[in-house]
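Visitor: Please show me the model, and then let us go through it with some questions.

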Amino acid sequence: MSAEHHDYSEHDVQREVTDLQAKSATAARIFDLRRIIGGLFVLYGIIITIAGINPSDSSLDKSEGININLWTGLGMLALGIFFLTWLKLKPAAPVRVDEEEGDGS
């Protein structure tokens, strides 16, 4: 039984593997959970903080005088900024593939 090679050289195969590894590493960085969680917390924190800047008297009465939207929004902003700072200071490690996978032993 002989295997068909479809005129692929070892260089072509190696180049294709390198391209796929680069795409995989890029996808891992883009979909890092810290980026998603941090971005959502910042977005919702901004919205809730804006809602809490000028509260109505009825909402303050419901929360016993505490501007809950303002404090929750600021807390969400702080948490979102923490996640995004963590992502910036310690990015995801690149994916490493062992070279021994293709040696056939």
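The questions and answers below go through a salt bridge and a pair of helices.

Guide: This is a predicted model, in which local features need pLDDT of at least 70 and side-chain atom pairs count only at pLDDT 80 or more, while totals for chains, interfaces and linings use all residues. Residues are numbered from 1 along each chain as its sequence is written, and side-chain values use heavy atoms, with hydrogens and water left out.

Visitor: Which side chain does arginine 34 meet in a salt bridge?

Guide: Side chains of opposite charge can pair when their charged atoms come close. A salt bridge here is a side-chain nitrogen of Lys or Arg within 4 Å of a carboxyl oxygen of Asp or Glu, and the structure holds 1. At 2.7 Å from N to O, the partner of arginine 34 is aspartate 32.

Visitor: How are α2 and α4 directed relative to each other?

Guide: Helices are DSSP runs of H or I with at least four residues, numbered from the N terminus. The axes of α2 and α4, lines fitted to C-alpha atoms over the stretch in contact, lie 7 Å apart at about 155 degrees, where angles run from 0 to 180 degrees between N-to-C directions. Angles under 35 degrees count as roughly parallel, 65 to 115 as roughly perpendicular, over 145 as roughly antiparallel and the rest as oblique. The two helices are therefore roughly antiparallel.
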